[in-house]
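Please look through the sequence and the model below before reading my notes. The points are numbered so that each can be checked in turn.

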Amino acid sequence: MFRLFIDCLLLKRHAYEHVEEYSSYTYYALAVIVTTSLTGAFRLAILEGQPFSIGYVLLSLTFWVVLTGIVFVLGTTLMKTSETHATFGQVWRTLGFAQLPALFYLFVLIFPLIGIVVFVWQSYTTVLAIQTALDYPKMLRAVGVYIISAIAALVFVVFVFAALGISV
């Protein structure tokens with residue numbers, strides 16, 4: 001399993017194909033998502049000089065779930081290709097493993113510019129995961145799905161959190 005994590009971090013397409021194929025990796029993907037949400041919450045709390053907030057964890061988890069749902073719906077309907085055939089579980093797993101670079105956001109506490117590198121890295125792993133899960137022959141379509149989904153998910157999550165009066 002450790003080798004699979006490393007291969008995903010090293011942007012190896014075969015690793016994402018492997019994750020997509022085996023449903024037994026669903027719990028590992030969930031572990032990655034929860035871990036990166038927790039580490040992100042600790043990082044934000046430290047950077048803002050605030051106590052740890054479960055709100056940050058909820059925000060991160062909610063964003064990821066909404067993003068995954070939008071990627072699945074958009075990628076299998078409006079932006080579908082003739083090669084596209086994916087289940088929600090395949091999208092879930094690959095996007096879960098694509099969050100692995102977020103663990104390195106903790107290094108922002110030492111060297112702030114690392115945040116830019118990690119953001120680009122995580123964005124690329126997400127696009128690679130989308131391309132793999134949705135069987136897109138070209139990465140450009142996956143980039144489009146990612147951008148549209150990320151913006152829609154961000155707007156949705158901000159609106160829902162504001163409507164519910166949840167502050168982070």
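Leaving aside its neighbours within four places in sequence, which residues is Thr94 in contact with? The second point below takes this up.

1. A word on the basis of these notes comes before the details. This is a predicted model, in which local features need pLDDT of at least 70 and side-chain atom pairs count only at pLDDT 80 or more, while totals for chains, interfaces and linings use all residues. Residues are numbered from 1 along each chain as its sequence is written, and side-chain values use heavy atoms, with hydrogens and water left out.

2. Thr94 is in contact with Tyr16, Val19, Glu20, Ala129 and Ala133, once neighbours within four places in sequence are set aside; contact here means heavy atoms within 4.5 Å. Thr94 counts as buried because its relative accessible area is 0%, where buried means under 20%, exposed over 50%, and partly exposed in between, with a 1.4 Å probe and protein chains only.

3. Thr76 is found in helix H4, residues 54-76, and it too counts as buried, at 18% relative accessibility. The side chain of Thr76 reaches the backbone oxygen of Phe72 at 2.6 Å. Not counting residues up to four places away in sequence, Thr76 touches Val71, Thr84, Ala86 and Leu134.

4. Turning to the whole protein, the secondary structure comes to seven helices and zero strands, where helices (H or I, at least four residues) and strands (E, at least two) are DSSP runs numbered from the N terminus. Of the contacts with a separation of 6 or more, 67% are between residues 24 or more positions apart.

5. Finally, the surface deserves a look. Of the 168 residues, 45% count as buried, and the accessible surface comes to about 8900 Å², of which 74% belongs to carbon and sulfur atoms, with areas from the Shrake-Rupley method and a 1.4 Å probe.

Note on methods
Polar contact = N/O pair within 3.5 Å; in protein donor to acceptor, adjacent residues only side chain to side chain.
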